[in-house]
Structures are given as structure tokens and as C-alpha cells.
Amino acid sequence: IVDTFVSIYKVKSYTAEFKSGHDLQHSSLHWDATMRAFEIIGESLNYLLEDENFENLSPSYFRKIVNFRNVIAHGYFGIDAEEVWDIITQKLEDLNKDLLRVANAQFDIKEALVSTIKEYSARDEKITRYLQTLL
């Protein structure tokens with residue numbers, strides 16, 4: 001779960017300087033890093049949704065994120081940069097809030113957050129601050 005939150009943060013960070021999906025797509029470093037973070041988000045949600053209680057508490061769009069991960073990972077029909085941009089600008093924050101709500105209802109994530117904060121404290125102050133907001 002914490003890896004999902006870190007990946008959400010990374011998507012926000014990688015894309016902050018861009019104004020559109022088209023612009024993002026034309027920076028291969030940022031595009032590739034963003035797609036990798038989306039893969040991690042989708043893969044972790046896929047794993048979490050195997051837990052019936054987690055799935056029952058989750059909004060239905062969590063499954064769509066897993067499907068989006070499959071599109072990215074397998075390159076089905078290409079990826080629409082503006083659709084990616086819409087996800088980043090319109091849906092990512094909802095995912096963050098909903099995942100936190102479901103995670104807190106299903107698991108005690110405080111220990112995992114504290115552990116990850118310690119891990120990142122020596123190498124990435126921004127991720128550390130972001131994770132602290134989730135406590």
C-alpha cells in the first residue's frame with residue numbers, strides 16, 4: 001500500500017512542470033517514469049484487490065486502474081497522452097484519498113508508513129514529507 005502512495009506522489013512530482021499530456025509525452029524521461037509509476041500503482045491494487053475485504057471496501061474504479069496498468073504494461077493499442085493527463089489532473093487525488101480511506105479501514109498502515117518514512121528520510125525529503133501527511 002505504501003508503495004502505491006509513493007508512486008502517486010512520484011506521478012505528481014514527475015508531471016508537475018507540464019501543461020498537457022502531449023507535452024509530457026514528448027519528454028521521454030518524464031513519460032517513462034510516469035508510466036512506470038502507474039504500472040506500480042496498478043500492480044499493487046491488483047494484489048490488494050485479491051483480498052475480498054479490501055475489494056468490498058474499494059470503489060469500482062480501482063479495477064479500472066488495474067486494467068489501465070495492463071494497457072501500459074502490454075502496450076495494447078497505444079496510450080492516449082491526453083487520457084493519461086486527465087487521470088493525472090482529475091483522478092489521481094481521488095485515488096489518493098480513496099486508497100487512504102480503504103487502507104485505514106482494512107489495515108493498520110501506520111507502522112508501514114513510519115518504516116517507509118525512515119527508509120526515505122536519508123534519500124528523499126519530499127517523499128518523506130508526503131508520507132508524513134498520511135499518518
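# A guided tour of the predicted model

Begin by selecting Leu-134: leaving aside neighbours within four places in sequence, this residue is in contact (heavy atoms within 4.5 Å) with Phe-5, Asn-96, Leu-100 and Leu-113. The structure is a predicted model, in which local features need pLDDT of at least 70, side-chain atom pairs count only at pLDDT 80 or more, and totals for chains, interfaces and linings use all residues. Residues are numbered from 1 along each chain as its sequence is written, and side-chain values use heavy atoms, with hydrogens and water left out.

Leu-134 is found in the segment after α8; helices here are DSSP runs (H or I, at least four residues), numbered from the N terminus. With 8% relative accessibility, Leu-134 counts as buried; buried means under 20% relative accessible area, exposed over 50%, and partly exposed in between (1.4 Å probe, protein chains only).

Thr-128 counts as buried, at 7% relative accessibility. Residues up to four places away in sequence not counted, Thr-128 touches Ile-117, Tyr-120 and Ser-121.

**Helix α1 against helix α6**

Select helix α1 and helix α6 (residues 81–106), which pack at an angle of about 155° with their axes 11 Å apart. Axes are lines fitted to C-alpha atoms, for helices over the stretch in contact, and angles run from 0 to 180 degrees between N-to-C directions. α1 is therefore roughly antiparallel to α6, a label given to angles over 145 degrees; angles under 35 count as roughly parallel, 65 to 115 as roughly perpendicular and the rest as oblique. The crossing of these two helices is left-handed, that is, the near helix is turned anticlockwise from the far one by less than a right angle. On the α1 side, the contact is made by Thr-4, Phe-5, Ile-8, Val-11, Lys-12 and Thr-15. On the α6 side, the residues include Trp-85, Leu-92, Asn-96 and Leu-100. By class, this contact has 9 nonpolar, 3 polar and 2 charged residues; Ala, Val, Leu, Ile, Met, Phe, Trp, Tyr, Cys and Pro count as nonpolar, Asp, Glu, Lys and Arg as charged, and the others, Gly among them, as polar.

**Helix α1 against helix α3**

Keep α1 (residues 2–15) and select helix α3 (residues 28–48): their axes come within 9 Å and cross at roughly 160°. These helices are therefore roughly antiparallel to each other, and their crossing is left-handed. Among the residues in contact are Ser-7, Ile-8 and Tyr-14 of α1 and Ala-37, Phe-38 and Ile-41 of α3. The contact has 8 nonpolar, 6 polar and 1 charged residues.

**Aromatic pairs**

Finally, display the aromatic rings: a search of the whole structure finds 5 aromatic pairs. Rings of Phe, Tyr and Trp (its six-membered ring) pair if their centres lie within 6.5 Å; planes under 30 degrees apart count as stacked, over 60 as edge-to-face and the rest as tilted. Phe-38 and Phe-68 form an edge-to-face pair, 5.5 Å centre to centre with 80° between the planes. Phe-38 lies in helix α3 and Phe-68 in helix α5 (residues 61–74), so the pair ties together parts that are 30 residues apart in sequence. Both residues, Phe-38 and Phe-68, are buried.

Tyr-61 and Phe-62 also form an edge-to-face pair, at 5.2 Å centre to centre and 85° between the planes. Tyr-61 counts as partly exposed at 23% relative accessibility, whereas Phe-62 counts as buried at 0%. To end, select Phe-54, Tyr-61, Phe-62 and Phe-107, which ring pairs link into a cluster.
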